[in-house]
Amino acid sequence: MAVAGILNIPRLPLFSSLPLRKQSRPLPISIKASNSQTSTKEEEKPSFSSSSSSTTTATTFAPPPNFKPPEPKRFAIRPDKTWDVVGASLALFFRLGTGVFTSGYSASLVSEEEIPPGQYSLELGGSKLKETSKIGPRPEKPIEIYEFEGCPFCRKVREIVAVLDIDVLFYPCPRNGPNFRPKVAQMGGKQQFPYMVDPNTGVAMYESDDIIKYLVEKYGDGSVPFMLSLGLLTTLTAGFAMIGRMGRGNSYTPSKLPPKPLEIWSYEGSPFCKIVREVLVELELPHIQRSCARGSLKRQILYEKAGHFQVPYLDDPNTGVQMFESAEIVEYLRATYAQ
């Protein structure tokens, strides 16, 4: 398989429409039965194979020696990661918080007695925050998106994923990545990102604005959020959002491809999640993102699963590791999968 070439960023006009393409034959990478409506029951994880020379079927994966998952520390920043978090937080300013809240989000302060014991809620003083949202139809199987962290067009699509609260199987496509960039060219005819495949409908497409329109019509209320409807201004501000982390999540770091995708609970608006996503992309590690922006019902699911809600949260089916804390997750990923 040829190593991917220079990134092909679409030229102006940015928003030329492309016709939807129905897949007439199975994709080279397929998803096995997998329900994107997350539940507390054990779920079958999709598996994949690669012809990359960096991957062998004999490879086994285990946690680093003497590894112990850290205790979660809410709103805490490890001192050596302060500037990483600050840089990642700049996106909130440029994008006005797009990707922080789910569609139809609303919140109100209520007394502690109004929230039943065992139900997730944010505590503020002597009150609790009651959050609701209006979510559209759920895809039966996770949407597949081929993208990379340092692309403003890809960021736009990740933001709508958070707003719609849909789960996505991300196939990272960093520059010089040997696995998934070539597969995009095989499936769609060119290396351009993002590239979306909906296994529920057979629809596949390039062009971020076309993808956004498709997702809101299929899995939302049909309306594109304001900050994603401004044309060139949307793309420019999505580019400015990456200034604080320029160059991160762009280029391939040699890695060992695991047999199963990792599972990450996160959302685009979180600077802590962004730091972890950068490394997942650089190591070209496929991962299912359980979207859980503010207002997501999946916050309760993670609360019940882990006994605590905090993101990012990593569940690695290849090693059995489950852990919080972004800085430690980054170290774990590099120790386990980097070559």
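Modeller: In this predicted model, a cavity is a set of grid points where a 1.4 Å probe fits but cannot get out.

Biologist: How many cavities does a search of the whole structure find at 30 Å³ or more?

Modeller: The search finds two.

Biologist: What makes a residue part of the lining of the largest cavity?

Modeller: A lining residue has an atom within 4 Å of a point. Glu149, Ser266, Tyr267, Glu268, Ser270, Cys273, Lys274, Arg277 and Gln289 therefore count as the lining of the largest cavity. Helix α6 (residues 271–282) supplies the largest share, three residues.

Biologist: How do you know which classes the lining of the largest cavity has?

Modeller: Tyr and Cys count as nonpolar, and Asp, Glu, Lys and Arg as charged. The lining of the largest cavity therefore has two nonpolar, three polar and four charged residues.

Biologist: Which residues line the second largest cavity?

Modeller: Ala88, Ala91, Leu92, Arg155, Glu268, Gly269, Ser270, Pro271 and Lys274 line that cavity. Two elements, α1 (82–94) and α6, each give two or more residues to this lining. The most comes from α1, with three residues.

Note on methods
Residues numbered from 1 in each chain as written. Predicted model: local features only at pLDDT ≥ 70, side-chain atom pairs only at ≥ 80, totals over all residues. Heavy atoms only, no water. 1 Å grid on protein atoms, 1.4 Å probe; cavity = no way out; pocket = protein on both sides within 12 Å on 5 of 7 lines; lining within 4 Å. Points joined across faces, edges and corners; volume = space filled by probe spheres on them. Helix = DSSP H or I, 4+ residues; strand = E, 2+ residues; numbered from the N terminus.
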